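Trainee: I would like a close look at one single part of this model. Could you take me through it slowly?
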Amino acid sequence: MNSKTLFYILKRIVLALVTVWIVITITFFVMRAIPGGPFLGEKAISASAQAALEKKYGLDKPLHEQYFTYLGDVVTKFDFGPSLKQRGRMVIDIIADGMKTSAKLGVISAVAALIVGVVLGAFAALRRNKLVDKVIMVITTAFVSMPSFIIGSLMLALFSVKLGLLPANGTTAAGLILPIITLALYPMSYITRLTRSSMLDVLGQDYIRTAKAKGVSGTKVIFGHALKNSLIPVITYFGPMLAYIVTGSLVVEQIYAVPGIGRAFVSSITNRDYPMIMGTTIVLATLIVIMNLVSDILYKVVDPRINLE
Amino acid sequence: MKKIIALALALVMVFALAACGKDTKTSNVNSLAVCVGSEPDTIDPALNSAVDGATYLVHLFSGLAKWKMDDSGKFEIVPDAAKELVEGVKNEDGTVTYTYTLRDGLKWSDGKDVTAADFEFAWNRAASAELGADYGYMFEVVDGYNEISEADAEGNPVNPDAKLNVKAVDEKTLEVTLYNEVSYWDELLAFPVYFPVREDVVSNEAWATDPKTYVCNGAYTLSAWDHNSLITLKKNEHYVDNEEITMETLKFYLSDDANNQLSNFKNGEWQLIDDVPTNEISSLKTSNPDEFVVAGQIGTYYVCWNVNEDILPADLGLTGAEAEKARAEIRNATALLYDRNYIVDEIGQAGQVPASSFVAMGMTNPDGTEFYKTAGDSKDYDGYYDVSAEATTSNFDKAIEILKKYYKYDEASKKFTNFPTLTYLYNTNEGHKAIGEYLQSAMANIGITMNLENQEWNTFLQTRKNGDFSVARNGWLADYNDPICFLDMWVTASGNNDVQFGKGAHAGVKAYSLDLTKYGYDVKVENGTWAETYDVLISTIKSCTDNEKRYEMMHLAEDMLMSTGCIVPLYFYTDIYMISKTVDGFFSNPLGYKYFMYTTVK
C-alpha cells in the first residue's frame with residue numbers, strides 16, 4: 001500500500017467521523033423537536049413525578065447543555081446513557097442484545113445474497129437467452145420490484161400459516177430463516193442481474209476471445225478471467241447492499257417480530273426514548289459509514305486501475 | 001458447469017436442513033407457552049403500569065391480597081400474604097387504621113423471610129415522587145400521600161422527607177392508616193404497585209432487568225429473560241402455597257404483532273394469545289368458537305370535545321354561561337347522531353357493548369348492581385341515551401330538533417348550512433380511523449363538516465393533553481372497581497383532563513350548580529365555575545365515608561359530566577384473546593390480568 005492510498009484512507013476516516021458527528025447533531029435536535037415526550041402515557045403522571053424524572057435524567061437542563069453532556073459522554077466514555085422507557089437498562093446493553101440477532105440476520109442475508117446472486121447471474125449469462133436464463137430473469141425482476149413488506153407478508157402467510165413449515169416469530173433459530181430469505185431476496189436478485197450483465201459484457205471482450213483462441217479450457221476462462229472481472233460492479237454494490245440490509249431489517253424485523261436493533265430503533269422513536277434513539281442512530285450510521293469505506297477500499301483492491309482520488 | 005449446479009444444490013440443501021432444525025413445539029405438559037404482549041418496559045411492581053406487566057407480576061409476587069375466581073366464575077379478593085383481610089378501625093380524626101398479620105413461612109425467592117418492613121419500604125418507594133412511578137397515585141388513599149405528592153411550581157417536592165402512614169410494628173404486623181374508609185381498599189392490596197420489594201434488592205437500579213438479581217416472593221421466579229423474545233418463569237420452591245401451583249414452567253413469548261401471534265397460535269406453538277388481527281375476528285368467531293374469548297373489561301371508548309372549542313354561529317350573540325349551556329346542548333345533540341350498534345357490530349367486531357354512559361360497564365354499585373344501569377334519570381333506558389338499535393331514528397330526529405334551535409337548516413337538502421367545520425383527531429391506527437370515518441359520515445349526513453386528522457401516538461397524547469384539538473378520540477380503562485377512577489380525572493388540575501374543564505376560557509364560565517345539603521354537607525353553589533362545583537364534588541366524594549351517599553354523589557358527578565356533552569361515550573371495551581382448548585384452570589380478571597398458575601394441559 002503506497003502512502004497515497006494510506007492518506008486517502010486516513011482522509012476517509014476523518015470524513016466518516018465528521019459524518020457521524022453531523023448525524024448525531026441533527027438527530028439530537030430534530031428528535032427533541034418532535035412533540036411528545038418519554039414520560040407521556042394514556043394515564044398522566046403527576047407533575048411532581050414528571051419533574052423528578054426529568055431531573056433524574058437531566059432533561060430539565062437547557063437543550064444545548066444536554067447536547068454537550070451527551071456528546072462528551074459518548075466520545076470520552078462511550079456511554080450512551082440509560083433507557084428512559086425500559087427502566088433500569090442501559091442503552092448499550094439493549095443495543096448489544098438487538099445487535100446479536102440483527103448481525104446474524106444481516107450477515108447471513110448478505111452472504112447468501114452474494115453467493116446465490118453471483119452463481120445465478122453467471123449461470124444465466126452462460127445460458128444466455130435459453131429457458132433457464134429467461135426464468136431466472138423473470139424471477140429476479142419480480143423480486144427486485146417487490147418491496148420486502150409484501151414478500152415478507154406473503155412468505156409468512158404461505159410457509160408459516162398455510163403450510164406450517166416454519167415458525168412465524170423470529171425469536172428462535174428456525175424462525176430466522178424466513179426473515180433471512182425475505183431480506184436476502186432483493187440484493188440477491190439485484191446481484192444476479194448485475195453479474196449477468198457484467199459477465200455478458202466481459203465475455204464479449206477481446207481478451208476472452210484471445211484466451212479461448214489460445215486453447216484455455218472453458219472452466220478456466222469462466223472462473224479465471226470472466227467471473228473475476230465481472231465481479232467489480234458487484235463489489236461496488238457491496239456498500240449500498242449493506243445499507244439496504246440495515247434499513248430493510250427495520251421492516252423485516254417488524255414483520256417477523258425479530259428482536260433486533262431495527263425493531264428497537266422503531267419503538268424507541270414511538271416511545272421518545274431519547275438516549276435509545278441516539279444510541280441506535282449512532283450505531284446504524286457508523287455501520288453504514290464503515291461499510292461504504294470498506295467497499296471503496298475493496299474496489300481499489302479488485303481493480304488497481306481505479307484511482308481513489 | 002456441473003460445479004456451479006452442485007454449489008447451488010448444496011446451498012438449497014443447507015437452507016432446507018436449517019429449516020428442519022430444532023423443533024420448538026412444547027410437548028412437555030409441564031410448561032405453557034403464551035403471549036400477552038411485547039417486551040415489557042419494566043417488571044418492577046412499583047414502576048409497571050401495563051396490563052401485560054401486571055400479568056407477569058401477579059405470577060412473580062404475592063401481595064397482602066390476590067384475585068381469585070371461584071367455581072361459579074365469580075371474582076373475589078382473598079388474602080394472600082396476609083392472614084386475613086381485616087376491617088379498618090376508625091380513629092378520632094376520621095382516618096381508618098388497618099392492622100394486618102402476615103402468614104407464617106413467607107419467603108423471598110432467595111430464601112430470606114418476608115417481613116412487614118418489606119411492605120412498608122415498598123409502599124413508600126412506590127409512592128415517592130423520586131421514583132416517579134406511573135401508578136404512584138394509587139397510594140393517594142393512604143394517610144401521608146398528600147404530603148409526599150405536594151410539589152412547588154417547578155414540580156419539586158415540598159416535603160422531601162414525607163412518608164406514608166404505614167408502619168411495620170414487628171416482623172409480622174403491618175399497620176396502615178387511610179385518610180378515610182375506602183371501599184376498594186382490598187382490591188388495591190391485590191394491585192401490583194402494592195406488592196412488597198426488598199430494600200437491598202431494589203437498591204440496584206437494574207435489579208428488575210436480570211434474573212440473577214430479580215428477587216420476588218410469588219408463585220414463580222424469573223428464570224430467564226431473553227430480551228424481546230422470551231420470559232421464562234419457573235415455580236418458586238420458597239412460595240408458601242407452592243403445592244397449589246400446577247404449572248411448572250411458564251413461557252411468555254414477547255410479540256406485539258397480532259398476525260404473528262395468530263400464526264403461532266394456529267400452528268399450536270402458543271396456547272394463549274392476547275391479541276388477534278381485527279380483520280380475522282369474524283372468521284375466528286366461527287372457526288374457533290371454543291377458543292376465541294370475549295371477556296369484559298372495565299373501560300370506555302369515547303369521543304371528547306374540547307370544552308373551549310367555539311361551535312356557536314357567530315350571529316347568535318350568546319356569551320358566558322348562556323353560551324356554554326347552548327354548546328353543551330349542541331354537543332349532547334350530536335352524541336345522538338351516532339349509531340353505536342353499527343360501530344360495535346361493523347367496525348369493532350369484538351363483542352364491544354354500545355355505551356350510554358362514561359363510567360364503564362363492570363363498575364358496580366354497593367349492592368352489586370351495574371353502576372351504568374342506574375346512571376341517568378330515564379326509566380326507559382340505561383345511562384344517558386337510548387343506544388338500542390330501535391332508537392336510532394328517534395335519536396336522530398331529536399338531535400335535528402335541538403340543532404335547529406341554533407343553526408340554519410335547509411329543509412330541501414335536510415342539512416345544516418352554518419355549522420362550523422370541526423376536526424376529529426385520532427392516533428394513527430386502522431380501527432380508530434374506521435370509527436373516525438363513520439363519525440365523519442354521520443356528521444356530513446346533516447351538513448356538518450368534520451375533517452379527520454391522525455397523529456402518531458406520542459404526538460397525539462401531547463396535542464390532546466394541551467387541548468389543541470376540537471374533537472378527539474379518547475379511551476379510559478379502570479385501575480380498580482370504583483367509579484371514582486372515571487370521575488376524578490376531570491377535576492381542573494388533573495393531568496388527564498383532556499377536555500380542558502376549568503381551563504382557559506372555561507375557567508371563568510359560571511354555568512354549574514351544586515347542592516350537597518341533602519347529603520349533610522354545607523355545600524350549595526349556584527352558577528359557579530367548574531372548579532367551584534365539580535372539583536368540590538370530587539373532593540367531597542373522596543372524603544365521604546358513607547358508602548351509600550358516596551355512590552349517590554358519584555352518580556351526581558357523572559350527571560354533571562355528561563350534561564356538558566363533552567364526553568360522548570361510544571362503547572365499553574372488551575378484552576379479546578384466544579386460549580387453546582387443551583388448557584384448563586385459566587382465568588382472566590376484570591382488569592385483564594391473565595392467571596396461568598393453576599392451569600393444566602390436556
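What is the area buried between chain B and chain A, and what percentage of it do carbon and sulfur atoms give?

Mentor: Happy to! A word on the ground rules: this is a predicted model, where local features need pLDDT of at least 70 and side-chain atom pairs count only at pLDDT 80 or more, while totals for chains, interfaces and linings use all residues. Residues are numbered from 1 along each chain as its sequence is written, chains are lettered from A in the order in which they are written, and side-chain values use heavy atoms, leaving out hydrogens and water.

Now your question: about 4,700 Å² is buried between chain B and chain A, and carbon and sulfur atoms give 59% of that. Buried area is the accessible area (1.4 Å probe) that two parts lose on being put together, summed over both. Chain B brings 59 residues to the contact and chain A brings 50 residues, contact being heavy atoms within 4.5 Å.

Charges meet here too. The rule finds 5 salt bridges across this interface, each a side-chain nitrogen of Lys or Arg within 4 Å of a carboxyl oxygen of Asp or Glu. A salt bridge joins the side chains of A:K43 and B:D479, at 2.6 Å from N to O.

Which elements of chain B take part? Each of α1 (2–19), α7 (258–266), α13 (457–466) and β18 (471–477) of chain B supplies at least two residues of the side that touches chain A; helices (H or I, at least four residues) and strands (E, at least two) are DSSP runs, numbered from the N terminus. The largest share, 8 residues, comes from α1(B).
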